[in-house]
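Hi everyone, thanks for making time this morning. Let me put the structure up, and then we can walk through it together.

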Amino acid sequence: MSAAHHDDHDDVGYHATVKGYLVGFVLSVILTAIPFWLVMAKVLPPDATKFIIVGFAAVQVVVHMIYFLHLNAKVEGGWTMLATLFTIIVVVIMLAGSIWVMYHMNTNMMPMDPHTVRNMP
């Protein structure tokens, strides 16, 4: 192949390596083992453990996106990462809005007292 042929390719994309996959794998194992240990050993109270597990899950999603899905600012001029961030923002807004609506619907519902229900016509 000629040198001119190689000049046509742009080297902007992510090139996967065995080292990159191993780093991602080790990080994934660590990010799975720590929450597993926290739950099995009952190190912290259940409420604190829940928040820590969610935090580790979020970090693990980022690790998978970078090391296995190869989403970074270099791929496709950053458009893949921009689309991913937009999707994450939309999902967070939808989840937060849904939780907010459900919470307020629950607190503003008419209380159902057992005595009131029996006396209803």
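Let's begin at phenylalanine 25, which is exposed, with a relative accessible area of 52%. Bear in mind as we go that this is a predicted model. Is isoleucine 30 buried, exposed or partly exposed? Its relative accessible area is 40%, so isoleucine 30 counts as partly exposed.

One more thing on phenylalanine 25 before we leave it. Valine 63 is 38 residues away along the chain, yet the two C-alpha atoms are separated by 9.1 Å. Valine 63 is one of the buried residues of α3, whereas phenylalanine 25 is exposed.

That takes us to helix α3. It covers residues 46–67, which is 22 residues. From first C-alpha to last, α3 reaches 31 Å, close to the 32 Å expected at 1.5 Å a residue. Which residues of α3 are buried? They are Thr49, Gln60, Val63 and Met65. The cover over the buried residues of α3 includes α2, residues 18–41, and α4, residues 79–108.

On the α4 side, have a look at threonine 84, which sits in helix α4. Threonine 84 has a relative accessible area of 16%, and since anything under 20% counts as buried, it is buried. Setting aside neighbours within four places in sequence, threonine 84 is in contact with Met65 and Leu71. Met65, you'll remember, is one of the buried residues of α3.

Now for the charged side chains. Side chains of opposite charge can pair when their charged atoms come close. How many salt bridges are there here? The count comes to one. It joins the side chains of lysine 50 and aspartate 47, at 3.9 Å from N to O. With a cut-off of 4 Å, that distance falls within the rule. Lysine 50 and aspartate 47 are three residues apart in helix α3, so about one helical turn separates them. Both lysine 50 and aspartate 47 are exposed.

Next, the aromatics. A pair of aromatic rings is described by the distance of the centres and the angle of the planes. Searching the whole structure turns up one aromatic pair. The partners are tyrosine 21 and phenylalanine 68, and they are stacked, with 6.1 Å centre to centre and 20° between the planes. Why does this pair tie together parts that are 47 residues apart in sequence? Because tyrosine 21 lies in helix α2, while phenylalanine 68 is in the loop between α3 and α4. Tyrosine 21 is partly exposed at 37% relative accessible area, and phenylalanine 68 is also partly exposed, at 28%.

Let me zoom out to the whole chain. There are five helices and zero strands, so from the N terminus on, the elements run α-α-α-α-α. Of the 121 residues in the chain, 14% are buried. The accessible surface comes to about 10100 Å², and 75% of that belongs to carbon and sulfur atoms. As for contacts, take those between residues at least 6 apart in sequence: 60% of them join residues at least 24 apart.

Conventions. Residues are numbered from 1 along each chain as its sequence is written. This is a predicted model: local features need pLDDT of at least 70, side-chain atom pairs count only at pLDDT 80 or more; totals for chains, interfaces and linings use all residues. Side-chain values use heavy atoms; hydrogens and water are left out. Helices (H or I, at least four residues) and strands (E, at least two) are DSSP runs, numbered from the N terminus. The expected span of a helix is 1.5 Å times one less than its number of residues. Buried means under 20% relative accessible area, exposed over 50%, partly exposed in between (1.4 Å probe, protein chains only). Contact means heavy atoms within 4.5 Å. Rings of Phe, Tyr and Trp (its six-membered ring) pair if their centres lie within 6.5 Å; planes under 30 degrees apart count as stacked, over 60 as edge-to-face and the rest as tilted. Accessible areas come from the Shrake-Rupley method with a 1.4 Å probe; for residues, only the protein chains shown count as cover.
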